[in-house]
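Subject: Structure handover

Hello,

Here is the structure for you to pick up. My notes follow below it.

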Amino acid sequence: MKSSLNPRHRLWRRIVAQRHLQTMALLGVVWMFIFNYIPMYGIIIAFKEFNIIKSISEAPWVGLTHFKEFLADDNFGNVMKNTLGISLIKLFIGFPLPIIFALFLNEIRSIKYKKAIQTISYLPHFLSWVVLGGILATWLADVGIVNHVLMALNVIDQPITYLAEPKHFWTIIITSDIWKELGWSAIIYLAAIAGVSPEMYEAATIDGAGRFQKMWFVTLPSIKSTISILFILAVSGVLNSNFDQILVLRNSLNDSSSNVIDYYVYQTGLLSGRYSYSAAIGLFKSVIALILLLIANQVSKKINDTSLF
Amino acid sequence: MFALKRKTTGEVIFDLANNVFMLCICFITLYPIWYVLINAFNDGKDAMLGGIYWWPRMFTFKNFEAVFASPGIMQAMWITVAKTLVGVVAHVFFTAMVAYALSRKDLVGGKIYILMGTVTLFFGGGLIPTYLLIRDLHLLENFWVYIIPVLFSFFDLIILMTFFREIPEGLEEAARIDGANDWSIFLRIVLPVSMPVLATIALFHGVYQWNDYFTGMIYINNESLQPIQTYLYRVVAQSSSSQMMVAVQGSALTKTVTSQSIKLATMVVTTLPIVFVYPFLQRYFVKGMMIGSIKG
């Protein structure tokens, strides 16, 4: 047939033959267009003076005004300090701990005991930050158990209201985050360790390697690519500083060490109604996060040939 | 031979230290949860004196009675159950449907669709543009705001797609020869053989739905539509515990329960369903997480 030789007709025939599949795919594409791409278009309000009464296209352009305002904002230094501080400490403490935990858990011989520890360790992952906020508020109150214990041990001589003091906020945030996610983050490493060939351990044993040496020279190198991928992902999400957690634990008393970019966007945008300014701060964050992702990806590619893209 | 070899002193010390280390981790993990539990089961006024560390001193169900007697909490609980059930079914079905189509290598436009999705993994509109969209779609003060904006997830799609590609092609071809179209292959063959990965996605999304308080906080003002986590957030974070006490005021309960004890009981009630569900699903999600994060 003549028409089948025409590539455009052939393509159209294939699409018709796939009409059910195309419907399924396009439903997803339409959803992504509405819920992912329209908000991306909405970012242009960061460069406009958006007014809630008018539409986005009617709003006048103002260029980089909002970005300049953010850089000159009294809160800028503080917000950046908290965002980067909390994020980097979380990255450098919170990232290696699950790997260490997985390495040592893997050395437990009894399978039943290992399973039990694992199941217990990721239980906190399933609690919400709201519930955890309640637990922490109970523990850290001036009549709470932390003060009781520290006073009994003579570490402190007066009860401290931890959540009301900025200097304790980072410690609380980082410790509670590690507590919640340690076991859960370790799952992926344990699964990767389970995939390491037993012959490598046997060979190492014959060479006279001890338990630590086997961990260091066999297990770790074997799960290197898993570690790299997860590290890239952790770096790209570093500025997200866990909004849910911050929102639950922050209050006006600890604001000087709890106000992070995500909260500031929420505060200026939804609480104060400065949509354009707030969108500009959000975009500022997204761009930095994207740059960090690209850097981490390149570094990982150079160092050990593993990358996301 | 190796198995019969006796352990060296170093090995014995290592194993002992490692076991102690693991027990410490288990204690640190469980004790804060246990502490909340025993205090929730203790008389509220008595608990204010402190010193309850291992076991309830004055055991009582009164705090839970107060929780279940409060219409606000029960309504919030019902909204949470509804949004979790509807949300999980809708999200898993919709995402799996799109994933099935995109997992087919012969799909016209497949590469473009996947590229479109990949962009969304790393870049998004952010809070304010999303809020404006939700407002323009008239989803404010609307139950469907819990379901529709999270109907689909490209991250979950990658996990599902990887799994679907492993399904032997013969299975689908046999059905096609029998006259099945793509919809019936998806519904009758792909979905049934993919239960482990569907369970994983269901668990992830179920936990998200159950624990999410932010959606209810920014898009919903109507109290009869707010989920239990938003309700709890307003009580815990804003310390407006008086809200909870209103429910029990004037009843006989006022004598023993305190706002603090009701708060703890609410936390327990909020968490129990999820703690009961996860042991049944856990054998699936290790597999699911591997598929998604390593190969994807």
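Start with the record for chain B. An unreviewed UniProt entry lists residues 12-34, 76-100, 112-131, 143-164, 185-208 and 262-281 of chain B under "transmembrane region". I looked at two of those spans in the model, which is a predicted one. Residues 12-34 of chain B are 100% helix and 0% strand. Their end C-alpha atoms lie 32 Å apart. Residues 76-100 of chain B are also 100% helix, with 0% strand. Here the end C-alpha atoms are 35 Å apart.

Next, confidence. The model as a whole scores ipTM 0.88 and pTM 0.89. Chain A has an average pLDDT of 89, and 98% of its residues score at least 70. Within chain A, helix α2 (residues 19-42) has the highest confidence, at a mean of 96. Helix α12 (residues 224-236) of chain A has the lowest, at 85.

Chain B averages 86, with 88% of the residues at 70 or above. Its highest confidence is in helix α4 (residues 71-103), at a mean of 95. Its lowest is in helix α13 (residues 242-248), at 50. Residues 292-296 of chain B have a pLDDT below 50. That stretch still has 9 contacts in the model beyond near neighbours in sequence. A caution applies: where pLDDT is low, the predicted coordinates should not be read in detail.

Chain B is divided into two parts. Domain 1 covers 9-70 + 239-293, and domain 2 covers 73-219. Taken over C-alpha atoms, the centres of these domains of chain B are 32 Å apart.

How do α11(A) and α1(B) cross? Helix α11 (residues 211-222) of chain A and helix α1 (residues 9-40) of chain B have axes that come within 10 Å and cross at roughly 70°. The angle therefore makes α11(A) roughly perpendicular to α1(B). On the chain A side, the contact is made by A:Arg211, A:Phe212 and A:Met215. On the chain B side, B:Glu11, B:Phe14 and B:Asp15 make it. By class, the contact has 3 nonpolar, 3 charged and no polar residues.

One more spot in chain B is B:Phe41. Which residues does B:Phe41 touch, not counting those up to four places away in sequence? They are B:Pro56, B:Met58, B:Phe59, B:Thr60, B:Phe61, B:Asn63 and B:Phe64. B:Phe41 sits in the loop between α1 and α2 (44-47) of chain B. B:Phe41 and B:Phe61 are 20 residues apart along the chain, yet 6.1 Å separates their C-alpha atoms.

Best wishes

Terms used:
Residues are numbered from 1 along each chain as its sequence is written. Chains are lettered from A and ligands numbered from 1 in the order in which they are written. This is a predicted model: local features need pLDDT of at least 70, side-chain atom pairs count only at pLDDT 80 or more; totals for chains, interfaces and linings use all residues. Side-chain values use heavy atoms; hydrogens and water are left out. Axes are lines fitted to C-alpha atoms, for helices over the stretch in contact, and angles run from 0 to 180 degrees between N-to-C directions. Helices (H or I, at least four residues) and strands (E, at least two) are DSSP runs, numbered from the N terminus. Angles under 35 degrees count as roughly parallel, over 145 as roughly antiparallel, 65 to 115 as roughly perpendicular and the rest as oblique. Contact means heavy atoms within 4.5 Å. Ala, Val, Leu, Ile, Met, Phe, Trp, Tyr, Cys and Pro count as nonpolar, Asp, Glu, Lys and Arg as charged, and the others, Gly among them, as polar. pLDDT is the predictor's confidence in each residue, from 0 to 100. UniProt positions are given in the numbering used here, feature names are shortened, and annotations may be inferred rather than shown by experiment. Domain bounds come from an automatic or database domain assignment.
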